[in-house]
Amino acid sequence: MSAHDCGSCSINAELARMGVSLDKVDRVIALAGNPNTGKSTLFNALTGLKQHTGNWPGKTVTRAEGAFAFDHVRYKLVDLPGTYSLLSASHDEEIARDFLLFGHPDTTIVVVDATAIERNLNLVLQVLEITSRVVIAVNLMDEAKRKNIEVDVRSLSRDLGVPAVGITARTGNGIHALLEAVAGVSSGSVHTEPLRIKGTPEFQRAISELGPLIESLAPGVPNARWIAIRLLDGDAEVEQALSSGRLVELVASQQETAQRSSAKISLQGTQ
Amino acid sequence: MSSSNAAAVLQRAAELRSTLSGQFRDETVKSIYAEAERIAGRASHHAGTARYDFDQRIDRIVTSPIFGLPIMALLLAIVFWLTVAGANVPSAMLASGFFWFEDQAAAVFTNAGAPWWLTGFIWHGVFRGLAWVVSVMLPPMMIFFPLFTMLEDLGYLPRVAFNLDFLFSRAGAHGKQALTMAMGFGCNAAGIISTRVIDSPRERLVAILTNNFVPCNGRFPTLILLATIFVGPLVSGAVASIAAAGTVVGVVLIGVVVTLAVSWMLSRTVLKGQASAFTLELPPYRRPGILRILYTSIIDRTLFVLWRAVLTAAPAGAVIWLLANIFVGDVSLARHISNALNPLGHAIGLDGVILLAYIIAIPANEIVVPTLLMVYLGTGMMTDDVSLEEIKRLLVTEHGWTLLTAVNLMLFSLLHNPCATTIITMYKETLSLKWTVVGTLLPLSLAFLVTFIVASIW
């Protein structure tokens, strides 16, 4: 993969939209973001207009999946519900959070509205608490320009510790650079150091003690740190998932489907 | 995996939690926001002023704690005023056209030797029902819907939800209920379907049960007509239509207050719980697309509502004609029924005919006024002249209506049971017979209670 700045070359040189051919994908990419940030526009730009839609298991929330190939690697793109947060109890947030925790996406693209970065960062910081393989897509760059807002994606990238790419999903501008970043992060060739809450020394001590306990309880759990934070916060739902053994089931079922086939990634909601 | 192990982890987590300071959670949230502000400040710079600021400046006014609600009431008043002032003349023209046609057609039937009951049933029953509905409802809808759609298109409705949120959360309801309530102004059945945006089942049920307390399009013509006939003339000519519009706004505000009060009552009693937090995005203001507005408001709304009204008005017209022309002894069935309902009607400041009209109009609230006029006309003298003056003369001098009758009829119309479509929708959305019955009988009993109190203290 070349590292040159490819602002002008055709994205189709390397991007192939594969629509619904979800067989034999190499990597799974999750697409997260606030509502009204152009998430669906990016989804369509990457996968073409055909998409596989169904419901998330047990929910009436639409789940869209599509596929694309970039640089000879096949990707499956899973569109998560648009949410402002991953903390409170709406179905949408629960689905997005469970997929990030247990769906094991190789990379999560968080779409951010370039005209409202501060508001969008709340979700970004929460995603970074859960997973380190993140690429920030700063969308609506054209609208920001029209509103005289200058966005410095390098500053954003430096502060967040993950790649940030400015795009205009509507016109396809910047998508090539975004895919290069996704390829780098998902293959592991790009190292990320996500910004995480440090908290007080007591907080850090508590996390470092609880983390290993949770890992021994549910071996292979993707993010013990996040669960530890939720437990310290007194999140009743996470406590329940732990004591009922559902967390262990989720981790186990995840390991069974780790084949990256298009088999549905098992997400059991609370209902 | 043993659950005792999990219990040990939870136990340890609780112990560790107690080592953290009490405001740990608040501090975490605060530090996330501070972090976001810092990063965003570094990553984006706002150069110069633009539309962005313009939107924000408008929002600062229309969602301000001081001006927000008055501006909302004023906009509503303007919409109603334009509707009231604009609809009178075309309504009267349509009506006289239709009734001229009715007479001609009936004459043709009679001359051709058709039996009197056939002519009566078709032309003075079914057709008259249709004519009333079309001429009373079409002009106000043609004005009201495009105006309302324009507010919607501008992006004003989310601002309404924003303004009302604090009231709803204090009532223990979801802030988005303000949006589903706004949908209810269009159609209560649509409003009930729109409560799907509310996640919590408890708050959704509150929103469903109280949606009926805002008047839908079917009921607006009733309110507008009564306000125009009875309240307008109380003041001198020039401001009459303003007074009428103000009255309709007042009724709508009463509806909002009742919505809040009933929500409050429900969430303190049978549907106990706290209001949940939610995020509401104020989308940028957009220039409304005139063609699209005309399309959605005329095709999707006006014709849809009118068609539904026509479908129910035709059989209702037939029923009314039959009731008025089938005699038991030397009194018509309609008179029998309305006489039987009279004591109940008088107790709440109305009369038996009005209650009969409400019973016949259960399939669609649109036809209440046409129905009661037809019952009055059908049992009394026939008249072709349907100007507002003539309607008023008929109601006041022949049937003893007073201002109290008009006020109570407006209140009853605002509060009474939802129409059949809404009741069916309520059942489909809740899948519960119990809540459907509650959603039907709660408004009905409230309507009787309120009108009874008003009639007693008048």
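Okay, let's start inside chain B: helix H9 (residues 201-210) and helix H19 (residues 433-457) of chain B pack with their axes 9 Å apart, at an angle of about 40°. Axes here are lines fitted to C-alpha atoms, for helices over the stretch in contact, and angles run from 0 to 180 degrees between N-to-C directions. So H9(B) is oblique to H19(B), since under 35 degrees is roughly parallel, over 145 roughly antiparallel, 65 to 115 roughly perpendicular, and the rest oblique. Helices (H or I, at least four residues) and strands (E, at least two) are DSSP runs, numbered from the N terminus.

Who touches whom? H9(B) brings B:Leu205, B:Ile208 and B:Leu209, and H19(B) brings B:Trp435, B:Val438, B:Gly439 and B:Leu442. Contact means C-beta atoms, placed from the backbone, within 7 Å. Six of those residues are nonpolar, one polar and none charged; Ala, Val, Leu, Ile, Met, Phe, Trp, Tyr, Cys and Pro count as nonpolar, Asp, Glu, Lys and Arg as charged, the others, Gly among them, as polar.

Quick caveat: this is a predicted model, where local features need pLDDT of at least 70, side-chain atom pairs count only at pLDDT 80 or more, and totals for chains, interfaces and linings use all residues. Residues are numbered from 1 along each chain as its sequence is written, and chains are lettered from A and ligands numbered from 1 in the order in which they are written.

Now the interface: 39 residues from chain A, 36 from chain B. On chain A's side, H7(A) gives the largest share, eight residues.

Notes: Contact = placed C-beta atoms within 7 Å.
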